[in-house]
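Have the structure open while you read.

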Amino acid sequence: MKATLYEALGISPTASDEDVRASLRRLIRKYYTKTRDGQGNVEEALRFINHASRILSDPERRRRYDQELAVSAGTTEQKIEHVVSHAMAEAGEQTDVREATADVEPARALEASLDAAIEPALDPALVDLPEHERAGTHHPGLTERVAAAGRSPIVTLVLCVVFVAFIAAAITFVTPTDAVVVAQQVLVWATLVLTVLAVVYGIVHGVAYLRRRGGPAGPALQPQTDLAILNWRREKSVFMGTNQPQEDASWIFQLRMAELERAKSGRTSEPRPWHRLVARLFDYAFWGLSLALLLSELRGMHVVSEGVGFALGHPLFAPVLITATWIPVEALLMAALGSTPGKWLFGIYLQFAISDAYAKRDTQAQLKAALRRAFRVWWEGVACGFPLLAPVLVAVAYEKLTQNQETDWDFAQDVLVTHGPPGVIKSITGACGLAAMLWLYGVAWHQPMADSIDWARATVADALPSTEQLKGSFAADGGTIGGISLPSMPSIGVPGFGAAGAPAAGPPPGTPIDPALDAQFAERRARVAALKNEAPRLLRAGSYRRAGELCRAWVDLELGNADAWRCLGEALQAQGLHQDAINAFRKAKQHDPADRSLDAAIERSQQGIVADFLRRHGR
């Protein structure tokens, strides 16, 4: 089967550069990580990709190729013959393909002569090129060796130990003394979060399924296209430009060695969205712990105030800060090492400029591409880290990856993502490390999140009109609701009283002398009653920070109430403020000396002070 280059790729001759790149990327994903089949089909396809990329990635070469196809007429085979005879032979240009020319048919003399013309002396543009420059003109992405970082068992073990030690130190530093109570609360929050994520993914998946049913199917390489690609050298379906490099033996050897290494390492280009998501979560979590330790040191040095530190560590703002600051770090790691901790642990490899043979591949170019890709992931993939929108965009990216076999940012930066078996040690380290870090984030964030929910609930409740306000408004409207007048109660005539039943003269018994002062006392009593009910309830619910605020307000209103001081002491103790808790318990002991439970509470806070001292000094 003879086919033009466009027919071999399954695209139109008027296809845009993006369509050409998409077709080449589909072809690379199909053949790049396949093992050799014994007939050289994979090698043929990769060599075709090499030539097709160099022709279609160069605007001048593509223009000449399109021009020759346009002026030729007849069948496809006649067009190919016209291109070979005019665009190649007449211009003195050669193919870089060699085939045996013995016993060829006279009708194929032109093709055989072009196949035999491989020597550099026959190509004036390549005669004076050094060997290293001649080899460098081939597509370097196809001969890139498998990354060797971490392939040694010793290096793998050392890096995994470093990750485990760092996470274990963070666990020791963050885990509170009442770990069992906190674990129960974290499990409740984890259950709620997983439920919400499942609902979000179900909605996004349903919308994507309905759109796929109503939309056209995506392009795919047809069997005849595969046949044309595997027979491209024999059919002469690829035009070679003037400066086309020779496909010398050294480049073929590098191509085959890279292919064997990919097969040996078990590489695959099949999409694995869960691996990619877990790897990115590991990177974010690990970087977040590093920032948390840095913030803790800055707060200890009084460089950052307590209020600023609390705001930076709040669960609604901290993800934005973590994901935003990770962008340059990820770009630097990709440019310097070609991987990140999460990608390395879960066997994910990135290769830039996979479909463009002329793309720059120095460190600066790769750093720019990695920076653009990381920013686009932050903007389109995780919604800038905003917790309320990130699950939606993550689910959308998952659907696009499963449908298109690649993400938008991978296509935009011409990145090929391959996966390999990570190994037992790295898999256990990655999975257990991620679970431990999620536990740490749950411990650190569950209380601020509960306080935020309580604050939002209180704000909404304060914004709504109370029953007393509704009654007052009803009375001010003269007994009308919505413009409808209600009948008034009939007056009862009683001797010694007026028409409305009020005393004729003098104040009634029990009437306060100063109504304004009596209203203030009534408001104070109502406030104390509300705090007496709400503060212990929040304390039982685990909202210690908010409970502490209410207990302190209760103490300010009733300084002699032992229950108020006890409530304040328990809230401070739960927050780890043991010295303040001891002072509150001693105040409660002064007002209720018979309560023996206060002695046990004071002893617990003293033990907490000792435990904090030992933990900080590593003893």
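Predicted model: local features only at pLDDT ≥ 70, side-chain atom pairs only at ≥ 80, totals over all residues.

Residues are numbered from 1 along each chain as its sequence is written, and side-chain values use heavy atoms, with hydrogens and water left out.

**Inside the fold**

Let's start with the holes. The structure holds two cavities of 30 Å³ or more. A cavity here is a set of points on a 1 Å grid over the protein atoms alone where a 1.4 Å probe fits but cannot get out, and lining residues have an atom within 4 Å of a point. Volume is the space filled by probe spheres set on the points, with points joined across faces, edges and corners.

The largest cavity comes to about 90 Å³. Its lining is made of 15 residues, and Ser269, Arg276, Gln405, Glu406 and Val417 lie nearest the centre. Two elements give two or more residues to that lining: α2 (17-31) and β2 (415-419). Of the elements, β2 gives the most, with four residues. (Helices are DSSP runs of H or I of at least four residues, strands are E runs of at least two, and both are numbered from the N terminus.)

What is the lining made of, by residue class? It divides into five nonpolar, three polar and seven charged residues. In that count Ala, Val, Leu, Ile, Met, Phe, Trp, Tyr, Cys and Pro are nonpolar, Asp, Glu, Lys and Arg are charged, and the others, Gly among them, are polar.

Gln405, one of the residues nearest the centre of the largest cavity, sits in the loop between α18 and α19. Gln405 has a positive phi of about 70 degrees although it is not a glycine. Because its relative accessibility is 33%, Gln405 counts as partly exposed; buried means under 20%, exposed over 50%, and partly exposed in between (1.4 Å probe, protein chains only).

Ala353 is another non-glycine residue with a positive phi, near 50 degrees. Ala353 is in the loop between β1 (348-352) and α17 (363-381), and its relative accessible area of 12% makes it buried.

**Salt bridges**

Side chains of opposite charge can pair when their charged atoms come close. The structure holds 22 salt bridges, each a side-chain nitrogen of Lys or Arg within 4 Å of a carboxyl oxygen of Asp or Glu. Here are three of them.

| Pair | Closest N to O |
|---|---|
| Arg25 and Glu406 | 2.6 Å |
| Asp599 and Lys589 | 3.4 Å |

The Asp599 and Lys589 bridge joins helix α26 (residues 597-616) to helix α25 (residues 578-591), so it ties together parts that are ten residues apart in sequence. Asp599 is partly exposed, with a relative accessible area of 33%.

There's also a network of salt bridges linking Arg276, Arg280, Glu330, Lys343, Arg373 and Asp410.

**Surface and contacts**

On the surface, Ile154, Val158 and Val162 form a nonpolar patch with about 280 Å² of accessible area together. Such patches join nonpolar side chains (Val, Leu, Ile, Met, Phe, Trp, Tyr) within 5 Å, using residues with over 30% relative accessible area and no salt bridge. Areas come from the Shrake-Rupley method with a 1.4 Å probe. Val162 lies in helix α8 (residues 153-174) and is partly exposed at 46%.

Finally, Pro448 in helix α20 (residues 424-463) is buried, at 8%. Pro448 and His314 are 134 residues apart in sequence, with 6.6 Å between their C-alpha atoms.

Note on methods. Patch = residues over 30% accessible without salt bridge, like charges linked within 9 Å, V, L, I, M, F, W, Y side chains within 5 Å. 1 Å grid on protein atoms, 1.4 Å probe; cavity = no way out; pocket = protein on both sides within 12 Å on 5 of 7 lines; lining within 4 Å.
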